[in-house]
Amino acid sequence: MMSNRLVTAISLILLCLGLDSNAQDMHEAIRLYDNGMYSRARTYFEDVAAAGLNADPEGYAVLCDVRQNVPGYTRTMNRFLAENPQSPHIPQILYAHGLILFDAQDYAAAGEVFKQVKARRLDKSQRTEFTFLKAYCALDQGQMQEALEGFEQVEAMPQSDYTAPSRYILGYINYYLHLIPHFPVAQSTFYTLIIFELPHLWS
């Protein structure tokens with residue numbers, strides 16, 4: 001989330017440009033956004049965008065749509081991504097889109113979206129979850145090395161809700177990777193674990 005200091009700085013810059021009313025709208029929009037009030041925030045961002053301010057309000061508006069899973073948001077999202085390839089909002093937009101795909105259990109598509117996001121471009125509070133979900137998508141697609149590296153990264157991070165599931169999964173991966181060359185039936189058991197058991201570990 002954007003810090004209060006950064007929000008204040010943006011507002012002051014806009015105020016110095018003599019855009020008091022729009023600066024206040026932008027400040028309020030960001031406040032609402034940071035508090036998860038995406039529908040109300042989007043209205044303010046649209047007003048600021050209509051005023052022609054160069055503060056990337058359109059990016060925020062798109063992000064509000066994605067976070068709310070507004071029907072048809074992918075069209076608006078894809079247009080924005082194509083027209084604004086340098087927008088600082090792109091990592092958050094893609095991550096939010098990937099979360100929707102993940103929740104829909106479309107792990108292949110979610111994994112492809114997550115691959116476009118660099119963890120360092122996300123908020124620190126999001127990086128553990130992101131790394132875990134990206135690793136899980138790799139695991140689901142049989143990309144074992146990438147999955148191992150991802151879960152090992154999560155295990156090395158500060159303790160979180162994803163630490164224990166990562167250790168659990170790593171144990172199974174290493175165990176079955178050892179058995180698979182000797183017992184083909186282990187491969188079937190391993191994928192049964194992926195499909196039916198692992199999704200419940202962090203629910």
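Is tyrosine 95 buried or exposed, and what is its relative accessibility? In this predicted model, tyrosine 95 counts as buried, its relative accessibility being 2%.

**Close-up 1. Aromatic pair of tyrosine 95 and phenylalanine 114.** Nine aromatic pairs are counted in the predicted model when ring centres have to lie within 6.5 Å. In the pair of tyrosine 95 and phenylalanine 114, the ring centres are 5.9 Å apart and the planes stand at 50 degrees, so the pair is tilted. Because tyrosine 95 belongs to helix 6 (residues 90-103) and phenylalanine 114 to helix 7 (residues 107-114), this pair ties together parts that are 19 residues apart in sequence. Phenylalanine 114, with a relative accessible area of 0%, is buried, and tyrosine 95 is likewise counted as buried, at 2%.

**Close-up 2. Aromatic pair of tyrosine 168 and tyrosine 172.** The rings of tyrosine 168 and tyrosine 172 form a tilted aromatic pair, with 4.9 Å from centre to centre and 55 degrees between the planes. Both residues lie in helix 10 (residues 163-179), where they are four residues apart and therefore separated by about one helical turn. Tyrosine 168 is partly exposed, its relative accessible area being 29%, and tyrosine 172 is also partly exposed, with a relative accessible area of 26%.

**Close-up 3. Cluster of Tyr95, Phe114 and Phe130.** Ring pairs link Tyr95 and Phe114 with Phe130, so that these residues form a cluster. Among its members, tyrosine 95 in helix 6 and phenylalanine 114 in helix 7 are the residues of the tilted pair with centres 5.9 Å apart.

Key: Residues are numbered from 1 along each chain as its sequence is written. This is a predicted model: local features need pLDDT of at least 70, side-chain atom pairs count only at pLDDT 80 or more; totals for chains, interfaces and linings use all residues. Side-chain values use heavy atoms; hydrogens and water are left out. Rings of Phe, Tyr and Trp (its six-membered ring) pair if their centres lie within 6.5 Å; planes under 30 degrees apart count as stacked, over 60 as edge-to-face and the rest as tilted. Helices (H or I, at least four residues) and strands (E, at least two) are DSSP runs, numbered from the N terminus. Buried means under 20% relative accessible area, exposed over 50%, partly exposed in between (1.4 Å probe, protein chains only).
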